[in-house]
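We'll walk through it piece by piece.

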Amino acid sequence: MKPSNDHRELLLAGSGGQGLILAAVLLAEAAILEDKRVVQTQSYGIATRGGLSTAELIIDSREILFQQIECPDVVLALTDEALKRYEIWAKRGVPIYYDTTLTELRPDPPCFGYPFTKVAGELGNERSVNLLAIGLLAARTGVVHIESLKAAIRNRWGKRSAANERMVEAGADLAPDPPMDITPCSSNF
């Protein structure tokens, strides 16, 4: 993240039941712990489980005046349907992180594939794919600190948070590179 412009817009998309709304709420709570301002919204199809589910998040150190995403700085897509729907942003230079377990490979940057569902299953809880994915997202983009994300998890689950914190750490471990510099998107195309 560039210190001169810390306004970030994130789009999380996948299937209802994957926990993307919870993931966005946790990212929002982590940002609040870092004294940032946050707007978080969500939508999901008629069929809650299995239908397209999206969560949007705006994070800024200053007041957020317009509360809808105009142009995401990063997209997380956990299903092939979500990836196909939002891959237009990749053509505009927006990094897209996607689950290679459930989607076709996209070899060209700025699409970055990780086997989120497979790894979550190997770690013992495939249903925690959302935590694994936001761990990677936080590590790769620096939108929130991993420690803030883990604190948000502790605030939500208390003594039962250890497994969820480990899943976030495992996601961060999938991203050994330092955070990438996200260039704010211009909505004027």
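Which residue in β5 does V75 stand opposite? V75 stands opposite I96. Before going on, a word on the ground rules: this is a predicted model, where local features need pLDDT of at least 70, side-chain atom pairs count only at pLDDT 80 or more, and totals for chains, interfaces and linings use all residues. Residues are numbered from 1 along each chain as its sequence is written, and side-chain values use heavy atoms, with hydrogens and water left out.

Now for the overall plan. The protein chain has seven helices and six strands. Here helices (H or I, at least four residues) and strands (E, at least two) are DSSP runs, numbered from the N terminus. Going along the sequence, you'd read the pattern as β-α-β-β-β-α-α-β-β-α-α-α-α. Of the 189 residues in the protein chain, 51% are buried, where buried means under 20% relative accessible area, exposed over 50%, and partly exposed in between (1.4 Å probe, protein chains only). As for contacts (heavy atoms within 4.5 Å), 59% of those with a separation of 6 or more in the protein chain are between residues 24 or more positions apart.

Let's go back to strand β4, which covers residues 74-77. In general, side chains in a regular strand alternate between the two faces of the sheet. With β4, both faces are covered: V74 and L76 are buried on one side, and V75 and A77 on the other. Two strands count as paired if DSSP finds at least two bridges between them. Strand β1 (residues 8-15) pairs with β4 in the parallel sense over four bridges, and V74 is the bridge partner of L10. Strand β5 (residues 96-99) also runs parallel to β4, joined by three bridges.

L10 turns up again in the largest nonpolar core. A nonpolar core is a set of buried Ala, Val, Leu, Ile, Met, Phe, Trp, Tyr and Cys residues joined through side-chain atoms within 4.5 Å. The largest one holds 41 residues, and L10, L12, L27 and F116 touch the most other members. Two or more of its residues come from each of β1, α1 (20-33), β3 (52-60), β4, α4 (116-122), α5 (129-141), α6 (146-157) and α7 (162-173). The largest share, nine residues, belongs to α5. To see how far L27 reaches, leave out residues up to four places away in sequence: L27 then touches L10, L12, L57, I134, L137, V144 and L149. There's also a second, separate core of 15 residues, with V75, Y86, W89 and C111 among them.

That brings us to C111, which sits in strand β6 (residues 111-114). C111 counts as buried because its relative accessible area is 12%. Not counting residues up to four places away in sequence, C111 touches A90, I96, Y98 and R106.

Is D80 buried or exposed? It's buried, since its relative accessible area is 17%.

The expected span of a helix is 1.5 Å times one less than its number of residues. Just after α1, D35 takes a positive phi of about 60 degrees. Helix α7, with 12 residues, reaches 16 Å from its first C-alpha to its last, close to the 16 Å expected. N164, E165, M167, V168, A170, G171 and A172 are buried in α7, and the buried residues of α7 pack against α4, α5 and α6.

Finally, look back at β3. The largest cavity is lined by V39, T41, E56, L57, I58, Q67, Q68 and I69. Strands β2 (37-44) and β3 each give two or more residues to this lining, and β3 gives the most, with three residues.

Note on methods:
1 Å grid on protein atoms, 1.4 Å probe; cavity = no way out; pocket = protein on both sides within 12 Å on 5 of 7 lines; lining within 4 Å.
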